[in-house]
Amino acid sequence: MRIGAHVDPAEPLAEAAARGADLVQFFLTDPQAWADPKDRPDAEALIASDVDVYIHAPYRINVASSNNRIRIPSRKLLFRHAAAAAKVGAKGLIVHGGHVEKAEGRDAGFDNWRKTFAFAAEEGGFATPILIENTAGGDNACARRFDALARLWDAIGEYEVGFCLDTCHAHAGGEDLLDIVDRVKAITGRIDLIHANNSRDGFDSGRDRHDNLTAGEIDPELIVSVIRSAGAPALVETPGGTEGQTADITYLRERLA
């Protein structure tokens with residue numbers, strides 16, 4: 001079972017070594033910006049390393065939106081980040097499921113996702129596998145509640161789309177972790193990556209605030225059970241820097257051994 005962490009993008013391999021991580025996730029640009037990613041001087045080292053690399057897309061990306069000023073730049077930025085992620089040998093590009101402005105617009109939002117993958121297929125596919133991540137909040141989200149996730153997969157399931165399960169997002173989004181792996185796989189057929197995070201807030205709070213594994217509102221053994229059941233690589237996006245994340249990685253390794 002490969003375990004790792006979300007790290008600062010400046011020196012991801014050094015961050016991995018400091019934590020004893022098998023994999024790392026990082027941003028290629030400011031996650032709150034519309035900036036295009038630039039070539040990284042450590043690309044060859046990242047590709048050659050035994051550390052698996054995942055890239056998280058900017059939070060700004062929302063291809064589900066009915067607003068052309070958001071959807072069209074989002075689609076372009078998703079393609080550019082997928083291309084840049086391929087240059088560092090990334091195993092996946094994680095992107096949030098997005099949302100629409102009004103509840104009655106969700107059908108159009110799901111179809112906007114379909115159009116994104118259809119266009120990519122016409123161009124030969126995304127350069128890096130896309131892993132859609134469940135989200136914690138938003139009544140009009142496309143991947144918070146699993147009834148919406150099922151409708152999303154009805155729209156895009158014919159394409160090669162991966163899934164990233166975030167335990168904090170599921171808990172805060174109102175989805176029980178107890179049988180979550182079976183329920184997700186019944187919809188998507190797969191779980192490619194786990195974001196193993198505890199939550200500072202209660203069940204169905206809609207608040208996306210991560211906590212260290214033994215410090216939050218979720219029973220940490222339940223998070224371990226999710227990882228074990230999914231059989232997917234996992235990474236922590238938890239606070240506390242090197243010390244906090246190393247403790248979380250150690251906790252998972254000891255219980256998954």
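Colleague: Let's start inside. Which residues touch the most other members of the largest nonpolar core?

Modeller: Ile-132, Ile-194 and Leu-252 do, in a core of 70 residues. Bear in mind that this is a predicted model.

Colleague: And which helix gives the most to this core?

Modeller: Helix H5, residues 146-156, with 7 residues. Another core of 7 residues lies apart from the largest one, and its members include Tyr-54, Ile-94, Leu-193 and Leu-235.

Colleague: How far apart are Arg-151 and Arg-106?

Modeller: C-alpha to C-alpha, 9.3 Å in space, and 45 residues in sequence.

Colleague: OK, back to Ile-194. What is Ile-194 in contact with, leaving aside neighbours within four places in sequence?

Modeller: Leu-165, Thr-167, Val-226, Ile-227, Ala-230, Ala-232, Pro-233, Ala-234 and Leu-235.

Colleague: Thr-167 is on that list. Where is Thr-167 placed?

Modeller: In helix H6, residues 167-173. Thr-167 is buried, at a relative accessible area of 0%. Beyond four places in sequence, Thr-167 is in contact with Leu-177, Ile-194, His-195, Ala-196, Asn-197, Ile-218, Ile-223 and Val-226.

Colleague: Switching to H9. How many residues does H9 have, and what does the helix span?

Modeller: H9 covers residues 241-256, which is 16 residues. From the first C-alpha to the last, H9 reaches 22 Å, close to the 22 Å expected at 1.5 Å a residue.

Colleague: Which residues of H9 are buried?

Modeller: Gly-244, Gln-245, Asp-248, Ile-249, Tyr-251, Leu-252 and Leu-256. They cover an arc of only 155 degrees around the axis, so they sit on the same side of H9. The face turned away from that buried side carries Glu-243 and Glu-254, both exposed.

Colleague: And what covers the buried residues of H9?

Modeller: Among the covering elements are strand E1 (3-6), helix H1 (12-19), helix H8 (220-230) and strand E10 (234-236).

Colleague: E1 and E10 both turn up there. In which sense do E1 and E10 pair, parallel or antiparallel?

Modeller: Parallel, over 3 bridges. Ala-5 has Val-236 as its bridge partner in E10.

Colleague: What about E1 and E2, over how many bridges do they pair?

Modeller: Over 3 bridges, in the parallel sense, with E2 being residues 23-26. In E2, Ala-5 is bridged to Val-24.

Colleague: Last one: what kind of unit do E1, H1 and E2 make?

Modeller: A right-handed β-α-β unit. H1 is also one of the elements covering the buried residues of H9.

Definitions and conventions. Residues are numbered from 1 along each chain as its sequence is written. This is a predicted model: local features need pLDDT of at least 70, side-chain atom pairs count only at pLDDT 80 or more; totals for chains, interfaces and linings use all residues. Side-chain values use heavy atoms; hydrogens and water are left out. A nonpolar core is a set of buried Ala, Val, Leu, Ile, Met, Phe, Trp, Tyr and Cys residues joined through side-chain atoms within 4.5 Å. Buried means under 20% relative accessible area, exposed over 50%, partly exposed in between (1.4 Å probe, protein chains only). Helices (H or I, at least four residues) and strands (E, at least two) are DSSP runs, numbered from the N terminus. Contact means heavy atoms within 4.5 Å. The expected span of a helix is 1.5 Å times one less than its number of residues. The arc is that of the directions from the helix axis to the C-beta atoms. Two strands pair if DSSP finds at least two bridges between them. A crossover is right-handed if, with the strands pointing away from the viewer, the path from the first strand over the helix to the second runs clockwise.
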